[in-house]
Amino acid sequence: MENLQLVLPEIFLSLSIMFLLILGVFKNNSPRLVQNLSLAVLIITAVITFNETIGINETKLFDNSIVIDYLSSLMKIITLLAAFLVLIISSNYLKTFQIFKIEYPILILSSVLGMMVMINSNDLIVFYMGLELQSLALYVLATFNRDQIKSSEAGLKYFVLSALSSGLLLYGCSLIYGFTGSTNFNVIANQLNSNEYALTFGIVFILVGLAFKISAVPFHMWAPDVYEGSPTSVTLFFTMVPKIAALTVFIRFLYVPFLNLIDQWQMILIFLSIASMLFGAIAAIGQTNLKRLVAYSSIGHVGYALAGLAAATNDGIQSSVIYITIYVLMNLGLFSCLLMLKRNNKYFEKIDDLSGLSKNHPMLALSLLIILFSLAGIPPLAGFFAKFYVFKAVIEQSMYFLAIVGLLSTVVAAFYYLRIIKIMYFDEQKEKYDTDHGFWLKFSLTASTLLILIYFIFPSQLIEVVSRINII
Amino acid sequence: MNFPILSSLILLPSIGALFLFFTKSDKKNNFTGKYVALFTSAVNFFLSIYLWILFDPTTSEFQFVEERIWIKDIINYKVGIDGISILFILLTTFITPLCIISVNNSIKERLSEFLIAVLIMESFMIGVFCSLDLVIFYLFFEAGLIPMFLIIGIWGGARRVYSAFKFFLYTLLGSVLMLVAIITIYWLNGTTDVVELYNSGIDIRYQNILWFAFFSSFAVKTPMWPVHTWLPDAHVEAPTAGSVLLAAILLKMAGYGFIRFSLGLFPVASEIFTPLIYTLSVIAIIFTSFIALMQEDMKKLIAYSSVAHMGYVTLGIFTIQQQGIEGSIIQMISHGIVSAALFLCVGVVYDRMHSRLINTYGGIVTIIPKYSILFMLFTLAALGLPGTSGFVGEFLILMGAFKDNFLVAVIASLGVIIGAAYMLWLYKRVVFGKLINTDLKQMFDLNRSELFILSCLAFPTLFFGFYPDPLINTIEVSISDLIDQYNFELVSKT
């Protein structure tokens, strides 16, 4: 008998989704109820995950097809909390566009379920199943504002390109299956024969698929369009939550079955990382739309997280996890600011709309200032430490080229963050924005800003949390 | 555990800033806000004087050391001072209150935000001078960019945006290599604690490249030729108080860094790269002096003169002679005071006439005599007239340089003459001559606060000019031990 307790979070979440779907059918006009229940479900799932699985040693279930260990529990909790925050701050935005419907929270829950399966996966099939579950939900979410042509366009683009990458990924899986005779990560690891070029092909195809999901260069083309076209609350979801899951799969996929083929994939990872960092920094300079700019900046940040993975040490993996956590925090703050740029039921997303914000809304501008400097990686803010840990891991492996390119691209990236600050602080003021924001929006902005600001006082805590991640 | 005096010095201005942040900023409260800021920085000044009294100049050991666990097993928060750093802390705490008094006339809007930025800046600057851990040092060194960027960008002149960006990106670009070097040192030696690194030394094979990474950061910050171009822009566009902070303290971070880290950690590499520093310093002295001679804008002229003066500083540091390094430190302190005063002098006339161009003025000596006298004093101090603090520094540097390299010393001495030329010519064109511009007649002489600030700055200029002993006593032992250590490492490693 399998120990079902360990998959209780997933079981609970899937049952809740079904229940909420049925509830939605009967109470079609009460999205608020479904929303609140979904929030409760996310929190309860997080609590169950914390209670049941965080302390246990690595355990494999269902014929070794899923794995429960500290990494998966931690990433699931981060995913659930991030999804919770996205859901809770997006309701006002959705109401403005009259798309506050029962489907929205249910779709988010489904994609979260997919991500949890991905995070747990120790088998190519399970991994693919989770990936597709989350992707399908995300396609629909991208088109959620279906009356707007841009939103539909975003969804379609995302669907077509994502399907293509899923195809490549699946092809990679089949190659690996063909040459090792198994889809299980551990079995693959034992069957490896590094002379097989086809295996390398398989890895490359899977890496392409994964790189697409986290929008690493050169598989990033969809990100700016999709981020711009989707409703802002969905963009927030896109920039944060799927990246956590995809990063975990990256870790799991590279370090469990293919650790011995490190020579084959390390160069690819370094290339992805350098290309993302540089491209993210340079391409963002010319942007005028904040959401597009965030898209490019997130491409850059993914590059830094990958740099940690490229180091191929436990330190590197831990630094990547820290990076993505701090990145999620910063993005949450950034989007809370974006969701506050509302006037007369209209949301503003051009950079110029921030002009003179510091005079009209000094507190909002100050928070954004702190978040942007943190994104640029200026000490003593949290973003600096994120980069510091990554480069500490990278330099330990004597990968100086990666470190120097990465740090130089922070200088380039600093330019466009500074440009936003310049517009907020040095330019002339425009009309005021509304100030009647919901409690949770204010809360998430204040909390994320404060955490970023005072992170330097307690830097050890986060390190302790991730220090138990031991993959290699 | 003793009273953590250094941490209090670092924290106090920030607490003041926090207090200002929570007081509402309407017109009336701006007034009280200013007193809050002034009070905090004045308390900090007296605290640092007290620190100087407690300071024991007979040892080169680090004093008032505080150590706390910060990032577990990786970095400890460690601060402490020796004879080299204490003077810079004093300079910082001395200049900041004067800056705050000077905002009366120049900053018209968003006063309390300005004061917050200045106070936070003070915290960071003190942090730079007393941190004994490379990462902590880097943290403070870089963090200072944020308030300075805002000071230039929000309260600056017409081309403020360009200047603020240039300042920020130049400095950041210089510093990232230093971060790589710091992390490399961590992996080489397992620690970033400066004291432990002094004891253990750094592997000779890595010294050159690490030295260069630190150099890239300090050279931009000093600024040395040819990466000095951000400085004139930043100075010209920054508000008076910003220019003062920039010239008086920010530039000194790099000089301090050269002494503390380049000499202290990488003696072998420093010896190898001395010719490079000499060349760049001499070019800075001669070349930027000539540029200064041709400037139309008073602030720009003083900015270029700063580059030339910092050229003497780097020259003096790398002579590795007792006189040379002592001279460099005194030159930095003196330049901190004098250039602050000169920028304030420019600020005074700018507030009245709203022009920084030299040809706007001329013949103002009869209209504003008090101003003219003080301006003369600082002009003479800037060109190094005996009896002013500027002379002591330059003289010692040149003495050190003559011991080390005759040719360099001769060329650098020529720089003194050009320095005298541009400063005196500036003074002549602004103060003497015929009164052509009749608008100038409406100018009024120094008001009380301006007089107070400039006299405060005039006092140490003259005092240390005639009697530099207190300064030299403070730094003497630390420097001679530094040089002994340097020579010892050099002999044992090569």
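Where in chain A does A:S215 lie? A:S215 lies in the loop between α8 and α9 of chain A.

## Basis of the model

This is a predicted model: local features need pLDDT of at least 70, side-chain atom pairs count only at pLDDT 80 or more, and totals for chains, interfaces and linings use all residues. Residues are numbered from 1 along each chain as its sequence is written, while chains are lettered from A and ligands numbered from 1 in the order in which they are written.

Helices (H or I, at least four residues) are DSSP runs, numbered from the N terminus.

Most residues other than glycine have a negative phi, and most peptide bonds are trans. A:S215 has a positive phi of about 50° although it is not a glycine. A:S215 is buried, because 26 other C-beta atoms lie within 10 Å. A residue is buried if 20 or more other C-beta atoms lie within 10 Å of its own, exposed if 12 or fewer, and partly exposed in between, with C-beta atoms placed from the backbone.

The loop between α8 (197-213) and α9 (222-229) of chain A also holds A:P218. A:V217 and A:P218 are joined by a cis peptide bond, with omega about 5°.

## Helix α15 of chain A and what follows

Helix α15 of chain A covers residues 362-376 and has 15 residues. From its first C-alpha to its last, α15 of chain A reaches 21 Å, close to the 21 Å expected at 1.5 Å a residue. The expected span is 1.5 Å times one less than the number of residues. In α15(A), 11 of the 15 residues are buried, so the helix is largely enclosed by the rest of the structure. Among the buried residues are A:L364, A:I370 and A:F373.

After α15(A) comes A:G377, whose phi is positive, near 85°. A cis peptide bond joins A:P379 and A:P380, with omega about 5°. A:P380 lies in the loop between α15 and α16 (382-396) of chain A.

## A:W440 in helix α18

A:W440 is found in helix α18 (residues 439-454) of chain A. A:W440 is partly exposed, because 17 other C-beta atoms lie within 10 Å. Leaving aside neighbours within four places in sequence, A:W440 is in contact with A:I88 and A:I89; contact means that the C-beta atoms of two residues, placed from the backbone, lie within 7 Å.

## A residue in chain B

B:H354 is found in the loop between α14 (322-353) and α15 (369-382) of chain B. B:H354 has a positive phi of about 55° although it is not a glycine. B:H354 is exposed, because 8 other C-beta atoms lie within 10 Å.

Conventions
Helices (H or I, at least four residues) and strands (E, at least two) are DSSP runs, numbered from the N terminus.
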